[in-house]
Amino acid sequence: MPYNCIVLAKQVPDTKNITGQAMKDDGTVNRAALPAIFNPEDLNALEMALEIRDRFGGKVTVITMGPPAACELLRESLYLGADDVVLLTDRRFAAADTLATSYALSCAIRKAGKFDIILGGRQAIDGDTAQVGPQSAEKLGLNQVTYVEKVRDIRDGKIEIERTIDGGSEVVRAPLPLLLTVTGTANEPRPFRTKRLLQYRSFTCAAEIMGKVRKQIEAEGKTPTDPDIAARAKPLIDAATAEGRLLKVWDADAIAAEADKIGGRGSPTKVKKIESIVLKGSDLAWIEPNEEGVKALVKELVEEHIIG
Amino acid sequence: MSNFFTENADMQFHFKNLDLREIVRLKEGESFAESKEYPYAPRSCEDAVDGYRRTLELVGRISGDIIAPRAPAVDEEGAQYHEGTVTYAKGTQEALKALSGADLMGFTLPRRYGGLNLPTIAYCAAIEMVSRADAALMTIFGLQDIAETINSFGSEEQKARYLPKFSSGEVTGAMVLTEPDAGSDLQAVRLKAYQDEKGVWRLNGVKRFITNGCGDVLLVLARSEEGTKDGRGLSMFLCEKGPKVYIRRIEDKMGIHGSPTCEMHFRDAECELVGQRRRGLTKYVMALMNGARIGIASQGQGIAEAAYRDALAYAIEREQFGKAIVDMAQVADLLVEMKVAVETGRTLLYETAKVVDLQQGYEALAETVQRDDPRAKEIKEKAARYRKEAGILTPMSKYYCCEMALKVTNAAIQVLGGSGFMRDYNLERYYRDARITTIYEGTSELQVVAMLAGLHGESLDPWFTERSARKYEGEVALLAALAGQSQQRLKDALAFVKKEGNNEYTELVGKKLCDIALSAVIGHLLLNEATLSPHKRIIAEKFIRDAAIRSAANYSAITSGNDLVLREYKNILSADVPTA
């Protein structure tokens with residue numbers, strides 16, 4: 001029996017390859033200096049959805065919320081085999097915390113239509129909150145299973161799942177529909193399919209085209225104005241429209257989101273202070289090379305919350 | 001995380017500067033008609049070239065992230081044999097799954113059979129990267145020539161039956177040529193093909209040293225004409241794996257452990273004829289071989305790249321006598337030699353691949369062009385010219401890139417010293433894997449024979465004429481003069497051996513002649529590159545200056561007429577001849 005999956009994915013700065021300019025003076029992430037990538041665990045979630053489709057049939061839809069540049073994530077989803085992709089983009093979504101993000105995503109999921117399983121990565125490598133998946137489930141009134149390692153089976157409206165817990169794993173069975181958050185060890189994401197890569201590489205959206213045109217004008221040493229951008233972008237947008245190369249884009253109105261629940265306005269999280277912490281070694285400790293010495297060291301490390 | 005394409009500056013240089021427009025037009029036609037039928041087909045030249053790049057980026061990523069990390073375990077585990085059944089190592093299976101899942105197993109096949117319709121030059125670059133990751137895997141990934149041979153010579157029905165399965169990765173193939181008494185000399189093939197009472201072709205006999213003989217679709221060279229002794233009695237057959245094709249054993253080899261080398265026993269196995277009778281060796285195997293040879297050249301290229309990179313990384317890290325060993329003259333020299341070898345190999349390989357693409361493109365056009373078409377004459381001339389050039393450049397690449405891989409992997413171990421000798425590092429694997437490349441798909445010695453035939457046939461003359469006419473400025477002009485010298489020496493040396501008229505002597509000095517020819521060809525190619533980048537100018541200078549000295553020495557040796565080996569080899573060796 002086929003199952004429809006929706007994957008929630010996020011484009012994030014590549015925090016694994018940090019360079020000197022990774023952080024701005026105010027301590028926030030300098031997104032411009034880091035390459036934007038598919039959040040790794042969201043890729044595991046997409047792989048799990050594709051595996052479910054390979055095994056049982058159905059459809060995989062990927063939804064991402066972000067700036068127009070997040071089109072790249074959607075293209076990659078198509079290369080990997082997603083059937084449908086949606087970009088949620090709107091200036092009004094900007095500066096959203098997890099609450100506002102999960103609200104917007106839940107509105108988009110409602111609009112996307114019938115689904116059986118929603119999947120997302122356990123957490124994103126930029127915020128590391130692990131909250132957006134669970135909060136989305138709450139907003140949709142869905143069951144959720146977090147830290148999913150493996151889908152064992154789906155049968156009679158129920159899904160059997162292995163999830164990671166402290167010191168081991170547990171097997172749970174839950175009724176559909178539900179939301180899963182997937183760990184990075186769940187699977188090894190498949191490579192792109194060349195034919196899909198060749199087919200979808202030129203898919204885009206109007207906002208992405210305009211962003212590129214703006215950069216192009218800047219690169220020519222001129223100041224981009226809105227009419228200039230619009231004029232240059234128009235033939236490109238027209239061509240993409242005529243050739244059917246436009247990605248699906250939804251703004252706040254399209255998903256019927258309430259204005260005060262999205263973006264900065266809908267975000268109760270306020271950053272009070274950002275502190276830059278540099279860890280430095282200052283002292284040497286001599287550990288006796290015997291059982292007691294090692295035990296004392298482990299105890300100290302646990303108490304200091306360094307391990308354990 | 002490593003991408004063998006985007007993070008390889010030299011490959012980037014080539015794919016930025018190669019002019020592939022003519023090849024694209026030959027592959028896709030002037031109107032890009034297939035874009036209406038296949039959503040992944042390109043709409044324009046620019047689109048097609050971008051598609052080549054994107055595909056190679058993907059191959060680079062799969063090679064770096066999926067294939068390379070598995071290669072040491074594949075080497076350790078090897079392909080396994082148990083009671084007639086061959087099993088690939090776990091890492092080989094996983095890598096093949098990734099490659100077929102990525103649509104990469106029908107690289108050059110037409111789209112109507114599920115392929116990507118990519119040119120040879122892209123295929124060579126892909127093989128190079130896969131081989132850099134795992135040379136053994138190349139023997140399966142690089143066996144796409146089998147499908148290509150069915151595409152060229154099989155019937156429509158055979159193509160429709162098998163090619164989509166090759167493209168999807170559902171089947172792999174093998175070219176089943178070698179026998180215990182027919183190695184380099186394939187005319188001696190004995191495996192018998194006969195028609196039973198129902199007229200069905202059957203195969204009977206033994207084949208040996210068959211790479212991936214456990215594959216599903218076998219192209220078998222067999223003697224279909226009873227009583228014949230030479231190549232004209234051989235035909236090509238298509239045979240599916242089955243109970244009547246028994247794998248007797250797999251070889252225990254020095255290298256490419258992940259690639260099963262099979263001894264096969266055909267027990268009246270049912271098969272079907274490919275193309276025409278008696279054309280098996282003379283036409284089909286020759287075509288298959290040329291494709292396979294450029295594939296092996298790419299394999300050598302990839303292994304050399306891997307070895308050079310590991311050696312460089314080590315030489316930068318490793319300190320002795322208070323400094324990094326890369327800063328010691330002898331080590332620096334080794335590394336520079338390796339780098340020049342790797343880059344010149346690639347230059348020759350890509351030029352060859354380009355010419356092969358032009359040859360195939362114009363040959364295909366020549367078959368369909370109407371006689372009264374005003375372009376007909378030009379198309380036919382181009383097909384003939386590129387066929388000749390491909391005929392000599394292919395053995396040149398196979399010879400140069402594979403001999404180069406031996407030298408580079410050897411030098412790389414030297415850079416690592418004791419560590420290079422240890423199995424903790426990949427260097428000894430590269431060395432073992434590289435060793436087969438100068439042997440299979442025609443030994444280096446056979447490549448020399450093919451090159452000599454081409455040189456005597458003046459196959460490269462139009463190529464040289466066109467290259468020599470180019471004008472260069474400044475320092476490059478000085479290098480051009482040196483490259484011209486090698487070309488002149490080649491001409492003179494050829495004239496000398498021709499005048500001598502002794503075939504044995506020509507063969508004796510064959511490698512020296514070929515080395516001069518290679519110096520001249522690569523020299524000309526580098527001149528062009530030198531105008532494009534400062535780095536390439538230095539590479540060109542290093543290669544062309546060294547080559548000029550080598551060419552002078554080779555020229556002296558050839559024209560000395562010293563045939564001592566021919567006269568005395570029996571005397572020299574006689575004392576050690578084993579007595580029965």
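Which residues of α14(B) are buried? They are B:Q447, B:V448, B:A450, B:M451, B:L452, B:G454 and B:L455, where a residue counts as buried if 20 or more other C-beta atoms, placed from the backbone, lie within 10 Å of its own, as exposed if 12 or fewer do, and as partly exposed in between. The model is predicted, and here local features need pLDDT of at least 70 and side-chain atom pairs count only at pLDDT 80 or more, while totals for chains, interfaces and linings use all residues. Residues are numbered from 1 along each chain as its sequence is written, and chains are lettered from A and ligands numbered from 1 in the order in which they are written.

Helices (H or I, at least four residues) and strands (E, at least two) are DSSP runs numbered from the N terminus. Helix α14 of chain B covers residues 444-456, 13 residues in total. From its first C-alpha to its last it reaches 18 Å, close to the expected 18 Å, a span given by 1.5 Å times one less than the number of residues. The cover over its buried residues includes α11 (376-416), α16 (474-500), α17 (503-508) and α18 (510-530) of chain B. After α14(B) comes B:E458, with a positive phi near 55°.

Turning to chain A, eight helices and eleven strands are found. Its C-alpha atoms fill a box of roughly 75 × 55 × 40 Å along the principal axes, and 39% of its 308 residues are buried. Two residues are in contact if their C-beta atoms, placed from the backbone, lie within 7 Å. Of the contacts in chain A between residues at least 6 apart in sequence, 71% join residues at least 24 apart.

Nine strands of chain A form an open sheet with mixed pairing, in the order β9-β8-β7-β10-β6-β1-β4-β5-β11; two strands pair if DSSP finds at least two bridges between them. At the edges lie β9 (168-175) and β11 (248-250) of chain A, each pairing on one side only. Within the sheet, β4 (residues 58-65) and β5 (residues 84-88) of chain A run parallel and are joined by five bridges. In β5(A), A:L87 is the bridge partner of A:T64.

A:N4 is buried because 22 other C-beta atoms lie within 10 Å. Leaving aside residues up to four places away in sequence, A:N4 touches A:G58, A:K59, A:K114, A:F115 and A:D116. A:N4 and A:I117 lie 113 residues apart in sequence, yet 6.5 Å apart in space from C-alpha to C-alpha.

Domain bounds come from an automatic or database domain assignment. Chain A is divided into domain 1 (3-200 + 247-266) and domain 2 (204-245), with 28 Å between their centres, taken over C-alpha atoms. Their contact takes seven residues from domain 1 of chain A and five from domain 2 of chain A. In chain B, domain 1 (173-279) and domain 2 (460-565) are assigned, and 41 Å separate their centres, again over C-alpha atoms.

How many residues does the contact take from chain B and from chain A? Chain B gives 15 residues and chain A gives ten. On the side of chain B that touches chain A, α3 (45-77) and α4 (90-101) of chain B each supply at least two residues, and α3(B) gives the most, with seven.
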